[in-house]
Amino acid sequence: SQASTAARTARLPFLILALAAAVVLLLPTVASARTTRPYEGSIGSFLQENPRSLALDQATGDIYVPVSGGASSEIQRYTEAGAPKNFTAGPNAGSNILKIDGSVQNVAVYRAGGPLNGDIFVTENNVTGSGKADVVKVFGNEGALAGVLDGSGTSDGGLPEVCGVAVDQSDGDIYITANNTKIWRYTPKSPTGAVDDSDFTVAGTIGYGCNLAADSGSVYTAVESRLRKYGPSQFVAKPSPPESGTVIAQKVTAVSVDPKTGEVYADKGDHIDVLDPDGNRLYEFGHAANFG
């Protein structure tokens with residue numbers, strides 16, 4: 001029902017943003033003559049009450065839902081209509097669930113072409129028996145484990161408290177937040193076989209925020225009600241203070257980027273502000289009646 005959906009989304013601002021970005025709920029304001037599409041409705045309800053975030057596969061429309069709880073976590077996959085979509089390989093073949101050993105916060109789908117195309121990147125904390133407490137696991141689109149990024153390619157030698165992952169679909173770079181103090185950029189070389197840190201050139205910047213979005217070499221984070229932007233030149237082999245991000249908007253709880261236009265979607269709670277890459281407001285959509 002609309003009431004139950006509103007109750008869930010009110011508890012989870014990121015879910016609001018990701019759902020909005022996934023199904024493009026466009027409610028034009030008077031100032032937004034550029035779009036005329038009406039409100040298009042909901043994709044329906046997920047089985048779980050509290051997904052940590054959502055990710056959209058730009059090629060297929062599939063939606064990935066990380067859910068943490070109990071001894072393990074999982075990634076659930078749905079079609080753009082909200083129906084479960086099963087994996088065809090790996091230990092969870094025949095279900096729409098990828099079982100994760102530790103806890104998971106974020107997921108991203110790689111659609112920049114090349115050997116990694118279609119791969120699913122998952123942040124995983126407290127991995128039992130892994131030798132590394134926190135990693136980013138990489139799954140093929142069919143569901144089989146393709147490799148693990150453990151931070152050995154970073155100047156810190158690890159990814160403690162890893163929580164954010166995003167793909168820049170314009171150039172294929174992958175961004176990972178670790179220890180809530182650094183954002184690492186993984187630039188693919190020519191990955192073959194099992195994916196690991198050696199398949200990437202790694203650089204980083206002093207920055208934070210588990211909710212990441214990336215486009216055209218820049219990274220956006222939403223944390224402490226501020227939207228920060230990190231430019232390409234701020235990523236170096238061994239990042240050190242001071243913090244480098246630039247605040248381009250206020251009162252933002254989550255962020256996403258349209259990979260086709262570069263427009264930045266900033267969640268303001270009861271609506272979405274759509275910004276250009278420098279933070280200039282273009283238009284808005286949504287309404288408190290829809291978002292709770």
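Helices (H or I, at least four residues) and strands (E, at least two) are DSSP runs, numbered from the N terminus. This is a predicted model, in which local features need pLDDT of at least 70, side-chain atom pairs count only at pLDDT 80 or more, and totals for chains, interfaces and linings use all residues. Residues are numbered from 1 along each chain as its sequence is written, and side-chain values use heavy atoms, with hydrogens and water left out.

**View 1. The whole protein chain.** The protein chain has three helices and 20 strands. Of its 292 residues, 52% are buried; buried means under 20% relative accessible area, exposed over 50%, and partly exposed in between (1.4 Å probe, protein chains only). The accessible surface of the protein chain comes to about 12300 Å², and carbon and sulfur atoms hold 50% of that surface. Accessible areas come from the Shrake-Rupley method with a 1.4 Å probe, and for residues only the protein chains shown count as cover. Among contacts in the protein chain with a separation of 6 or more, 46% are between residues 24 or more positions apart; a contact means heavy atoms within 4.5 Å.

**View 2. The disulfide of Cys163 and Cys210.** A disulfide is counted where a pair of cysteine sulfur atoms lies within 2.5 Å, and by this rule the count comes to one. The sulfur atoms of Cys163 and Cys210 are 2.1 Å apart. The link of Cys163 and Cys210 is left-handed, with -90° about the S-S bond. It links distant parts of the chain, 47 residues apart: Cys163 is in the loop between strand E8 (145-149) and strand E9 (164-167), and Cys210 is in the loop between strand E12 (200-206) and strand E13 (212-215). Cys163 counts as buried at 3% relative accessibility, whereas Cys210 is partly exposed at 25%.

View 3. The structure holds 11 salt bridges, each a side-chain nitrogen of Lys or Arg within 4 Å of a carboxyl oxygen of Asp or Glu. One of them joins the side chains of Glu124 and Lys137, at 3.3 Å from N to O. Glu124 lies in strand E6 (residues 120-125) and Lys137 in strand E7 (residues 134-139), so this pair ties together parts that are 13 residues apart in sequence. Both Glu124 and Lys137 are buried.

View 4. The side chains of Glu284 and Arg281 form a salt bridge at 2.6 Å, N to O. Salt bridges with shared partners join Lys268, Asp273, Arg281 and Glu284 into one network. Glu284 is buried at 18% relative accessibility, and Arg281 is partly exposed at 44%. Another salt bridge pairs Glu224 with Arg226, with their closest N and O atoms 3.9 Å apart. Here Glu224 is exposed, at 55% relative accessible area, and Arg226 is partly exposed, at 31%.

View 5. A pair of aromatic rings is described by the distance of the centres and the angle of the planes. Rings of Phe, Tyr and Trp (its six-membered ring) pair if their centres lie within 6.5 Å; planes under 30 degrees apart count as stacked, over 60 as edge-to-face and the rest as tilted. The whole structure has four aromatic pairs. In one of them, the ring centres of Tyr110 and Phe121 are 6.2 Å apart and the planes stand at 40°, so the pair is tilted. Tyr110 is in the loop between strand E5 (107-109) and E6, and Phe121 is in strand E6, 11 residues apart. Both Tyr110 and Phe121 are buried. Tyr186 and Phe200 form an edge-to-face pair, with 5.5 Å centre to centre and 70° between the planes. Tyr186 lies in strand E11 (residues 182-188) and Phe200 in strand E12, so parts 14 residues apart in sequence are tied together. Tyr186 is buried at 0% relative accessible area, and Phe200 is buried at 4%. The charged end of Arg77 sits over the ring of Phe87, 4.0 Å from its centre; this requires NZ of Lys or CZ of Arg within 6 Å of the ring centre and within 35 degrees of the ring normal.

View 6. Ser216 is in the loop between E13 and strand E14 (218-223). Its phi is near 55°, a positive value in a residue other than glycine, and Ser216 is exposed at 52% relative accessibility. Asn180, in the loop between strand E10 (174-178) and E11, also has a positive phi, near 50°. Asn180 is partly exposed, at 39% relative accessible area. The peptide bond from Pro241 to Pro242 is cis, with omega near 5°, and Pro242 is in the loop between strand E15 (226-230) and strand E16 (246-250).
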